[in-house]
Every structure is written in C-alpha cells, then in structure tokens.
Amino acid sequence: QAQLVESGGGSVQTGGSLRLSCAASGLGFSIDYMGWFHQAPGKVREGVAVISTVGGRTFYADSVNDRFTISQDKSKNMVHLQMNSLKPEDTGMYYCAARGRAGLTVWQGPLDSRSFAHWGQGTQVTVSS
C-alpha cells in the first residue's frame, strides 16, 4: 500500500530552523514529483516546495524562496525540506505529496495541490514570536 510518512516537525522560535523528511514506500509506480504543502489553520493547502524526481528541478512558493530548500535522496525514496529563518506565518501542518508518472490527477502546475494524488498524514510546525 502506498505510504508517505513525514517526520521532523516541531516548535521553534522566529528565526529558527527545522528539517522535515518524507519517506515514500509501497508506491509501486514511478514518481515524477514530490513536494511539500503547507496548511495554516483555517486556510487552504498551499504548495511550498516541489522537486522533479527526474532532473531535480525545484519549484518554490515566493513566500519561502531563499529560506526553504527541498532535496531528495532517490536511493531511499525520501525528500527533505530544510526550513530556515522561520516566521510565525510558517506555522501549520506540512504535508508530503507525490505525483506518479501515470498521473492520476490533472496537472495544474507543480505547486497546485490538485496535481498530487498521494499524500502523507502531515507534520505540525509551530513558530512562535
């Protein structure tokens, strides 16, 4: 069974850093994109950072550019999100997502949650001022 498991969330003060990790298993298909999405309380889920697993091209939301870095470990089917200079507005749930090569959803762009069919349970990040 396909699984995406996130880890690394927690609580930090403004300006702090966290590293999120996502392990993919049981997918049984080739992954084209993996990424991280942020959902603040009462808000919609928004794309933060996405990586193309073939070629390693990266995409970032403007709000996290130069602060967050997405990377992948293809040998372990893992993707990481290094988050630096964290701000209170970064608080929320962070979800790992994967898009298979077969494309079960219509492509809406790399930072659009509708492009991704496979999701983890999420990990909480809290940034206090």
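Two strands count as paired if DSSP finds at least two bridges between them. Strands here are DSSP runs (E, at least two residues), helices are runs of H or I with at least four residues, and both are numbered from the N terminus. The model is predicted, so local features need pLDDT of at least 70 and side-chain atom pairs count only at pLDDT 80 or more, while totals for chains, interfaces and linings use all residues. Residues are numbered from 1 along each chain as its sequence is written, and side-chain values use heavy atoms, leaving out hydrogens and water.

Strand β4 also pairs with strand β5 (residues 46-52), in the antiparallel sense and over 6 bridges. Here F37 stands opposite G47 in β5. The two strands form a hairpin with 6 residues between them, and G42 in the turn has a positive phi of about 75°. As for cover, 7 of the 9 residues of β4 (residues 31-39) are buried. Buried means under 20% relative accessible area, exposed means over 50%, and partly exposed lies in between, using a 1.4 Å probe and protein chains only.

## The disulfide

Next, have a look at the cysteines. The structure holds 1 disulfide (a pair of cysteine sulfur atoms within 2.5 Å). This bond joins C22 to C96, with an S to S distance of 2.0 Å. Because C22 lies in strand β3 and C96 in strand β9, the pair ties together parts that are 74 residues apart in sequence.

The torsion about the S-S bond of C22 and C96 is about -80°, so the disulfide is left-handed. C22 is buried, at a relative accessible area of 0%, and C96 is buried with a value of 0%.

## Two loop residues

S115 sits in the loop between β9 (92-100) and β10 (118-119). With 0% relative accessibility, S115 counts as buried. Its side chain reaches the backbone nitrogen of Q108 at 2.7 Å and the backbone oxygen of G109 at 2.8 Å.

G16 is found in the loop between β2 (10-13) and β3 (18-25). Neighbours within four places in sequence aside, G16 is in contact (heavy atoms within 4.5 Å) with M83, N84, S85 and L86. G16 and K87 are 71 residues apart in sequence, with their C-alpha atoms 8.2 Å apart in space.

Terms used:
A polar contact is a pair of N or O atoms within 3.5 Å; within protein, one must be able to donate a hydrogen and the other to accept it, and residues adjacent in sequence count only if both atoms are side-chain atoms.
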